[in-house]
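Hi,

Here is the structure I promised to pass on. Have a look first, and my notes follow below.

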Amino acid sequence: MNWLLDDLWLQNTMRWFVPPPPKLMFHANNSSMTSFFDYVNPIVDRLSPTDSGDNLLDYYGAYTNRASRHLNSLKANRITKTFHYEYITLNCLGKGGFGQVYDGRRRSNNNPVVIKFLPKNRILNWSILDNKNIPSEIEILSRLRGVAGIIRIIEYFEEPDRFIFTMEKIPSSCTLFQFVMESSPLPNTELLRHIFRELIRINIILQSYSIWHRDCKLENILYCKSDRTLHFIDFGSAAPAQLDDFHEFQGTLEIMVPEWISQRRYDGERSCVWALGICLYFLLFQQYPFRSKAAILGGRSQLPFTSSVDKQAYHTMKQCLHLNEHRRPKLGNLQYLSWLD
């Protein structure tokens, strides 16, 4: 039987465009150990009627149809893999000058997600990922996927006028700003020490990945009430670390460093330490220390002190907010503060 099929195939003028016929073997061994060899050389009593070898045209037709169906399936998957096919958009969580954030759900498993929409005409920072120009926020979050303390990006989509990316939804969470405002005063508590330790730790991790968040304020940090973990969000102003100073400011007035106001430049690490001082001030007093550029340049003389505040924590905050950037502590040294133990 095999030699007859081979001859027919050799005489076929289309033999270069179709596969050779299967080798038909007769044996009675039906054990599982022969399954791989049966795949390579099918056994005649296991062949379907179409592939039994009785009709070569049927065999080649079935082979071609299978390949065609497979290619069509791949094309269909590429076409239907769109944001609206994959996700449902729910209520708005917030809007800013550069994008909007919504609650959402994944259609396949109904899992909750957070969705961020980025209009292309408002994106300031661009990067390259998979040979495509994409917003730096998406590239940085993709690089940091799986890093503890960083919100996890799930996937992103590009549409003609915008980018969309989805992130994990942290259960039982709120912004650290909201948590502090709704809580009893934190000074002299273990919780304050825990939160500040985590703020330092996550910024050190970002530094190890050569990234500065550049907008490290309590509104951009999620606090999980169930396990007290922190998650940094909103990396729209984030940038790769560089040896030289930054000469453009992206962030908000609350964390603006004085050297930017006076010199139009700032160092990545020293500005990060300043932002940590701002966060510590908020943890102590439930408000931001500076509300204008003049107040920032006025510096530490305007910072209050009350007897209820831990003196060591207050001293650390004053060091971080030193007007002379060279007098501020190093980021890595903050984790060894004795009052954090």
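Helices (H or I, at least four residues) and strands (E, at least two) are DSSP runs, numbered from the N terminus. Residues are numbered from 1 along each chain as its sequence is written. Bear in mind that this is a predicted model, where local features need pLDDT of at least 70, side-chain atom pairs count only at pLDDT 80 or more, and totals for chains, interfaces and linings use all residues, while side-chain values use heavy atoms, with hydrogens and water left out.

Let's start with Leu230, which sits in strand β11 (residues 230-232). Leu230 is buried, at 1% relative accessible area (buried is under 20%, exposed over 50%, partly exposed in between, with a 1.4 Å probe and protein chains only). Beyond its neighbours within four places in sequence, Leu230 has contacts (heavy atoms within 4.5 Å) with residues including Gly149, Leu176, Ile195 and Tyr223. Its C-alpha atom is 9.3 Å from that of Ser173, 57 residues away along the chain.

Now for Lys116, in strand β3 (residues 112-119). An unreviewed UniProt entry gives it the feature "binding site"; UniProt positions are in the numbering used here, feature names are shortened, and annotations may be inferred rather than shown by experiment. Lys116 is buried too, with 9% relative accessibility. Its side chain makes a polar contact of 3.0 Å with that of Glu137 (a pair of N or O atoms within 3.5 Å; within protein, one must be able to donate a hydrogen and the other to accept it, and residues adjacent in sequence count only if both atoms are side-chain atoms).

Glu137 is among the buried residues of α5. In that helix (residues 136-143), 7 of the 8 residues are buried, so the rest of the structure largely encloses it.

Cheers
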